[in-house]
Amino acid sequence: MEAVIAVFALLFVLFLVLGAYATVKVIGAAKRGVDRTIGEARRTVEDHALRARSFVQQGPAGEVAQLRLQLRTSMRATQDALRAGAPADESLKESVALFQRLSAHGHELDGELRRLESDPDRATLTQRLPDLRGRTARITESADALRWAVRDRAHRFAEDDLDSLSSQIDMEAGALRHWTKAEPQGTPTPWPEAPAADAAASQQTWPETPGSRPAEEPTRTAITPPGRRPTYPWQKKPRPESTT
């Protein structure tokens, strides 16, 4: 009896542990989903604010906002392309590692641009704009090159797979419509040509034996035997000769 109680107690504890683990996992997944949603909403709001400031503000501040918007748009598009292609293509691991290194430079530049956007010293900001433009262009060009390479690779794989699939479908369609194929007509056998006259004359002939003739041809005699003479009514019967 004590053993049964111990088994039930162990099962109860096991169910409690499994329930707690499942609850933690669900809560963690929900928290990550909420954080992801909040992060995307924050980025969307910030991008709209940057776009508005790039149109409204004039001078260096508006150009800095435009540089930030250009940098963030390029980096986010490349990140999405790598995330979409990496699970299906193992060779993109190196590309992901390179993008992570590029992202570190991009985050550093974005933080610097955000600080300079609200800097009241417009003269210093104007002097630093050429360097900021160059750094932004280098990072965005690298990100764009990596993104388009990933897309071209995926497009090429899709084209190759589509070509192979189309060939297989054409073969299967032809096999299913086998009765529509015209059966090849056999070439008629040509008639043998007649032998030439000189060729027939030049062939060697052998003397025929009596048994080599056809059976249906009767053997002809040299002299035709005399036939029976017809008798007429006016002829007298021959009288027998007298023995006397």
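Tutor: A salt bridge is a side-chain nitrogen of Lys or Arg within 4 Å of a carboxyl oxygen of Asp or Glu. The model is predicted, and local features need pLDDT of at least 70 while side-chain atom pairs count only at pLDDT 80 or more, whereas totals for chains, interfaces and linings use all residues. Residues are numbered from 1 along each chain as its sequence is written, and side-chain values use heavy atoms, with hydrogens and water left out.

Student: Arg 147 forms a salt bridge with Asp 144, but how far apart are the closest N and O atoms?

Tutor: The two residues are three apart in helix α4 and therefore separated by about one helical turn, a helix being a DSSP run (H or I, at least four residues). Arg 147 is buried at 9% relative accessibility and Asp 144 is partly exposed at 25%, where buried means under 20% relative accessible area, exposed over 50% and partly exposed in between (1.4 Å probe, protein chains only). The closest N and O atoms of this pair are separated by 2.8 Å.

Student: In which helix does Glu 63 lie?

Tutor: Glu 63 forms a salt bridge with Arg 133, with 2.2 Å between the closest N and O atoms. That pair links distant parts of the chain, 70 residues apart, with Arg 133 in helix α4 (residues 122–176) and Glu 63 in helix α2.

Student: Are Glu 90 and Lys 93 buried or exposed?

Tutor: The side chains of Glu 90 and Lys 93 meet in a salt bridge at 3.2 Å, N to O. By accessible area, both of these residues are exposed.
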